[in-house]
Amino acid sequence: MRLTVVGCAGSYPGPDSPASCYLLEVDQGGRTWRVVLDLGSGALGALHRYVDPLLIDAVLISHLHADHYFDLSGLYVMWKYHPAGARPPIPVWGPPGIGRQMARAYGLPADPGMSAEFHFHSYDDQPVTLGPFTVRPSRVVHPVPAYGLRIEADGAVLAYSGDTGPCGQLVELAKDADLLLAEAAFREGVQNPADLHLTGADAGRAATAAGVRRLVLTHVPPWYDGEAAVAEARTTYDGPLELATSGAVYEI
């Protein structure tokens, strides 16, 4: 399983990266399967650097904050108006109400909304199978319904925190993962709102408790230094650790 960081800026696009977006690829059955995790503000344009977006097989949205889903509007335009013709609909998974939210975001009537372009599905407590990928969503702590994702394919396990405050669900979904992609939007030593985001130290604690083999920090807002988040995480996690950057590729 190959992970490409398309966008890793927290809360809004920064000068060096779009907002959250990650491309997962697995070569199987004579073809490459491609799933996009989140498609936040500014991410669709950057996605073109790594793959033709028309070749993706599904989109998984962690939650309905603009820095994680808003460029689905642009993908809708590609699917509907591309000169090569309208594309067959692809599955888009997310929190309950994602189809209605996307219709509102683009000023469409709720019916049909974007249903001709996307097959919308809501997470529940059942795993999702997408080609070689098995996706296990877990509700995490955030002001809106938000999900962390455990993704298994080709014998590898990726855990993605989405946006979350510290919680046991994050540790559980990351259990023994090969790589934990964890947000680190907050800093230690300041007054942070509860149940909203992780600090680097929080991410490190979760990684240690889950026994993950590698920790990659992401979703650091442009107003913070990402290396400070790495330094915090190093105090609570002693395994391989680094900061996500746009364009980075990980073989899992």
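Is Phe 118 buried or exposed? Phe 118 has a relative accessibility of 1% and therefore counts as buried, a class that covers residues under 20% relative accessible area, with exposed meaning over 50% and partly exposed in between (1.4 Å probe, protein chains only). The model is predicted, so local features need pLDDT of at least 70 and side-chain atom pairs count only at pLDDT 80 or more, while totals for chains, interfaces and linings use all residues. Residues are numbered from 1 along each chain as its sequence is written, and side-chain values use heavy atoms, with hydrogens and water left out.

Consider strand 3 next. Strand 3 spans residues 31–39; strands (E, at least two residues) are DSSP runs, numbered from the N terminus. Seven of its nine residues are buried, so strand 3 is largely enclosed by the rest of the structure. Two strands pair if DSSP finds at least two bridges between them. Strand 2 (residues 21–28) runs antiparallel to strand 3, and eight bridges join them. Within this pairing, Glu 25 stands opposite Arg 34 of strand 3. The two strands form a hairpin with two residues between them, and Gly 29 in the turn has a positive phi of about 65°. Strand 3 also pairs with strand 4 (residues 58–60), here in the parallel sense and over three bridges. Ala 58 in strand 4 is the bridge partner of Val 35.

The aromatic rings come next. Rings of Phe, Tyr and Trp (its six-membered ring) pair if their centres lie within 6.5 Å; planes under 30 degrees apart count as stacked, over 60 as edge-to-face and the rest as tilted. Eight aromatic pairs are found in a search of the whole structure. One of them joins Phe 118 and Phe 120, whose ring centres are 5.8 Å apart with planes at 80°, so this pair is edge-to-face. Phe 120 has a relative accessible area of 23% and is therefore partly exposed. Tyr 123 and Tyr 147 form a tilted pair, because their planes stand at 50°, with ring centres 4.9 Å apart. This pair links distant parts of the chain, 24 residues apart: Tyr 123 is in the loop between strand 6 (118–122) and strand 7 (128–130), and Tyr 147 is in strand 9 (residues 146–153). Both Tyr 123 and Tyr 147 are buried.

Ring pairs also link Tyr 12, Trp 223 and Tyr 224 into a cluster. Arg 187 lies over the face of Tyr 224, at 5.2 Å from the ring centre. A charge sits over a ring if NZ of Lys or CZ of Arg is within 6 Å of the ring centre and within 35 degrees of the ring normal. The charged end of Arg 31 likewise sits over the ring of Trp 33, 3.7 Å from its centre.

How values were computed: Helix = DSSP H or I, 4+ residues; strand = E, 2+ residues; numbered from the N terminus.
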